Every structure is written in C-alpha cells, then in structure tokens.
Amino acid sequence: MLLIWFSLVAVMITAYVVLDGFDLGAGILHLFIATSDEERKLVIRTIGPVWDGNEVWLLAGGGTLYFAFPLLYASGFSGFYLPLMIVLWLLILRGIGIELRMHLDSPVWRGLFDGSFAVASLLLAVFFGAALGNVIRGVPLQPDGYFFLPLWTDWNVGDQPGILDWYTVIAGVLALTALTLHGACYIALKTTGELNARARRTARYVWPALLGLTIISLAATLYIRPSVLHNYRQMPFFFAIPVLVAASLLNMWRTSRQGNERGAFLSSCAYLVLMLVGAAVAMYPNLLVSTTDDALNITVYNAHAGEHSLSIGLIWWGLGMSIAVGYFVFVYRTFRGKITSSSGGHAY
C-alpha cells in the first residue's frame, strides 16, 4: 500500500511537470521566438485552453501528498516556507500575465504582462528544479521532523545548506533548459510558418545544452549522494532507466532534425518522465533525506497516514482521477491540431 501511494504521488508530480512544463516553456520563449504581437498571441493561444487545467495536477499532487504522507507535508511546507511563497506569487503573476494582456489596447499594458508571463515562467522552472535538487541533496532535519533553510549560505553542499547552492543551481538550470526545449517542441507542434520554424530551430539549439547538463547533473548527484544507486544495485533492471533517458535525448535530436514535430515533443515528454522516474527510484523509500543523520530521514514508513485511511482513500482517488483524466482527454481532443491567426480558440 505504501509503495502504491508513493507511486501515485510520483505520478501526479510527473503529470504536472510534463503538462504544465510545456506551458512554462512557452512562457519562457514567447518573447524570444515571437517577433510581433500577433505571434505572441499565437504562442499564448497554443496553451490557452489547457494551461489552467494543467496546474490542477500541482494541486492534486499536493493534496495527495497531504493525505498519504502528512508528516512530509507538514515538514516540507514548514521548512520550505519561503520558496513556497515565492512559487505562489510566481504562479499568480503568470496567470495574471496570460489573462490580463488583452484587457486594454495598449502596447505598454501588453508589454508589462508579457514580461510578467515570461519572467514568472522562467523563475518557476528554476525554482521547481531547485526544489527537486533540495529533495535529492537533503535538508537539515531535526529529531522533531522539522527544519529551516535560508535562501542561501556559502553555496556549498554540507550539513547546513541553503535552498540554493551549487548543486541545486545545477538542478534549477537543468529544469530551465529541459522545460525551454519542451516548450519549443510544443510550440512547433501547434504552429505553422515562421513561428514554427523558429521554434524548431530553438529546440535544436537548446538540445546540446540539455545533453551536457543532464550528464553534469548525474555526475553531481553521484558525487554528493552516492547512496542514490542503492536501489539500482539491488534491482539492476532499473539501470534501463538511464539508458532510456539517453535514448529519448537521441530520438529528440533525430526527430527534430527530420522535422517530425510530434516525435520530438513525445521524446521530450519521455525524457521528463524518465528523469523523474529515475529520481523516484533512487529516493525510495525516502521522502526527504536528512543531511545530518540518516536515522532522521522521513520515509514512507514513518510518514504515512493510517492503513484504513489509505485503503479507503485509494477508492476515492481512483474515482476522482477517472473524472479528471476524462476531462483532460476531452479538452486535448477538442483543441488538437495547429493554431493559426484565423483559427478559432481562446482570444488571448
């Protein structure tokens, strides 16, 4: 039962990264690959019908985490209070940037909210990557299960780190690069003409950086926490995951060069899924690692809710997710295909 709920939380987080990831990537890129207000509107219209629905997976993941592992929820939200508040404000600014840009026919107004959308999207990608880096690196957990992290200290990885250090910065830059490429692949999938060509060209330019950062982040992770290989050594078939990560990267390059937009986007999705699955395999059964004493780690065994609650909750979770998945299938099927200036859709 504990493995099931750990997997469900991982699935929810992965769904959020893959789905809202291309929204963030579109936000990061839309000021750079769109050369006119009309093209910026097209970029926003590619995500217009789905961006707010994609964010539901973040709320659902948080709710699932709170239900299944309340100790982790309490500890994490207490220790990460400052970055969580920053993320909340960035989510608000991003939503405002999308929804309000067309409320006044003014270049200054549109420029302000286009900038809000781009900056918030970029910083969210960095903060989400740094958050995963903090989970893998560990935090200074106390015997009562709580901790405090300043925004930064001396930028070194140690017993008393900050939220930002050299390792979490690498994780943040990797996330920024991966989601930028993910967004470029999605924009190419949904657009035509010059905008499509610039998106495909951007994906090809970003790909080498993603390859290099993936190798660097793997080496850095093995350097600061060699124990991440424990589960892989216990069950060697998990070594297929890094092989598949490499295959997804190579296929992303191949399909992008061939102009296969759907193949490139699906390869980007596979890369994100496999990277997160690899991290989940490396972490289990730990949910939050202590940098001071491994005995203080928060695990699925000491953080879970009652067995009866988990059993009953699994039924209701299944019903709720069935409705949510059905809604997402309907929305994505309804708004499938290319977006053009003359096509219908959200008038952003």
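**Surface patch and aromatic pairs**

User: Which residues form the nonpolar patch on the surface?
Analyst: Tyr81, Met85, Leu88, Trp89 and Ile92 make up that patch. Together they have about 520 Å² of accessible area. Keep in mind that this is a predicted model.

User: Where is methionine 85 found?
Analyst: Methionine 85 sits in helix 6, residues 81–100.

User: And what is its relative accessible area?
Analyst: For methionine 85 the value is 30%, so this residue counts as partly exposed.

User: Switching to rings. How many aromatic pairs turn up in the whole structure?
Analyst: The search finds 20 aromatic pairs. One of them joins tryptophan 57 and phenylalanine 328. That pair is tilted, with 5.4 Å centre to centre and 55 degrees between the planes.

User: Where do those two sit in the chain?
Analyst: Tryptophan 57 is in helix 4 (residues 56–68), and phenylalanine 328 is in helix 14 (residues 307–334). They are 271 residues apart, so the pair links distant parts of the chain.

User: Tryptophan 57: buried or exposed?
Analyst: Buried, because its relative accessible area is 10%, and the cut-off is under 20%. Phenylalanine 328 is also buried, at 10%.

User: What about phenylalanine 80 and phenylalanine 147?
Analyst: They form an edge-to-face pair, 5.2 Å centre to centre with 75 degrees between the planes. Phenylalanine 80 lies in the loop between helix 5 (70–79) and helix 6. Phenylalanine 147 lies in the loop between helix 7 (107–137) and helix 8 (166–190). Both residues are buried.

User: Which residues do ring pairs link into a cluster?
Analyst: Trp57, Tyr327, Phe328 and Tyr332.

Methods:
Residues numbered from 1 in each chain as written. Predicted model: local features only at pLDDT ≥ 70, side-chain atom pairs only at ≥ 80, totals over all residues. Heavy atoms only, no water. Patch = residues over 30% accessible without salt bridge, like charges linked within 9 Å, V, L, I, M, F, W, Y side chains within 5 Å. Areas by Shrake-Rupley, 256 points an atom, 1.4 Å probe, with all protein chains shown as cover. Salt bridge = Lys/Arg side-chain N within 4 Å of Asp/Glu carboxyl O. Helix = DSSP H or I, 4+ residues; strand = E, 2+ residues; numbered from the N terminus. Buried < 20%, exposed > 50% of the residue type's maximum accessible area, 1.4 Å probe, protein only. Phe/Tyr/Trp six-rings, centres within 6.5 Å; stacked < 30°, edge-to-face > 60°.
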